[in-house]
Amino acid sequence: MSEPFVVRRREDDPVRPPHAVRAGAVTRAVTPARTPVPASPPPPRALPEHPALEPLRHLLADPEVTDVFVNGSDGLFVDRGRGVEQVTGWQAGADELRALAVALIGVGGRHLDDGAPLVDVRWEHGARVHAVLPPVACAGPAISIRLPQTEVPDLDDLGRRGMFDPVTAARLAACVERRENVLVTGATGAGKTTLLAAMLGRVPASERIVTIEDVAELRIAHPHHVRLEARQPNLEGVGAVPLARLVREALRMRPDRLVVGECRGEEVRELLMALNTGHDGGAGTVHAGGIRELPARLEALGALAGLDDHAMARQVVSAIGVVVHVERTPDGVRRVAGFARPVLDDGRLSVEVMT
């Protein structure tokens with residue numbers, strides 16, 4: 001079993017060149033200088049106090065960084081909202097990368113080894129870490145770290161960042177006020193969770209929000225927010241708590257707003273059934289490359305839940321009032337691309353784009 005990955009600073013280390021700082025066996029690259037710091041910069045991101053984070057801490061704490069990727073021998077990459085860019089000066093051998101991956105997963109309380117070479121965890125303060133070991137990862141250990149925003153998003157903030165115009169902002173706020181059941185769609189990294197969290201921040205303080213997620217990522221500016229997170233089985237293969245069960249349990253918690261952070265399996269059936277039995281004002285997200293691709297995506301999820309195309313279509317049309325699609329442009333800007341409503345077309349699911 002690999003030794004724990006611990007970074008220790010040697011007192012007799014010589015002074016390093018300004019372009020790199022040696023941290024244990026991994027060279028920590030210093031990122032290129034950026035534009036001048038504004039008068040009121042956002043605060044550094046809160047992170048777990050664990051030595052395993054030291055080789056990457058300067059990047060993980062940067063409030064502009066949204067994702068950090070270690071692609072094995074291919075190097076280190078970051079995303080600051082303008083697309084992925086490589087960090088120069090990163091050096092690490094195969095053994096050091098494996099030890100780093102095992103340690104980062106260990107921070108989240110799970111174990112990464114040859115018997116479990118793909119593991120996903122959530123750290124304290126909300127960062128999500130996924131790691132894959134060779135030979136599944138062909139170029140060496142692959143680590144993907146999705147970082148939460150340092151500030152809880154608000155619709156006004158997203159509008160100022162260019163995600164939508166004032167007319168679209170008013171439509172989004174009206175969906176919340178009218179207690180529409182909303183489905184937010186988009187590709188990976190398009191901003192689905194960010195937009196959903198901002199919309200839920202407009203829910204009246206007198207209402208109770210229960211969110212259910214595979215990995216708890218939704219951060220909502222609301223005083224009455226109950227967060228439920230699925231649990232993976234332990235090493236003996238027992239103790240799992242899947243999303244579908246959490247949806248059923250949440251119905252016993254008297255939610256005013258029931259939210260499933262991401263529907264990717266049979267939990268879509270439980271959510272639709274709940275929304276069809278009087279739980280209005282609910283929401284969820286679904287991966288879809290475009291609004292027109294949503295029916296096929298939902299039919300596939302329905303098949304996983306044991307629903308045929310016609311049954312799924314009727315459930316979706318009855319349960320979902322508005323679909324909000326978000327996308328990420330080639331230059332990294334996230335924006336609301338359009339609205340739609342589910343409709344029946346010869347008994348099959350379709351969408352009608354709303355102008």
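Strands (E, at least two residues) and helices (H or I, at least four residues) are DSSP runs, numbered from the N terminus, and two strands pair if DSSP finds at least two bridges between them. The structure described here is a predicted model, in which local features need pLDDT of at least 70 and side-chain atom pairs count only at pLDDT 80 or more, while totals for chains, interfaces and linings use all residues. Residues are numbered from 1 along each chain as its sequence is written, and side-chain values use heavy atoms, without hydrogens and water.

Strand 15 and strand 16 form a hairpin with 2 residues between them. The two strands run antiparallel, joined by 7 bridges; Phe-339 has Met-354 in strand 16 as its bridge partner. In the turn, Asp-346 has a positive phi of about 60°.

Leaving aside neighbours within four places in sequence, Leu-298 is in contact (heavy atoms within 4.5 Å) with Leu-183, Val-286, Met-312, Val-316 and Leu-349.

The cysteines complete the description. Cys-175 is buried (under 20% relative accessible area, with exposed over 50% and partly exposed in between; 1.4 Å probe, protein chains only) because its relative accessible area is 3%. Cys-138, at 79% relative accessibility, counts as exposed. The structure holds 0 disulfides (pairs of cysteine sulfur atoms within 2.5 Å).
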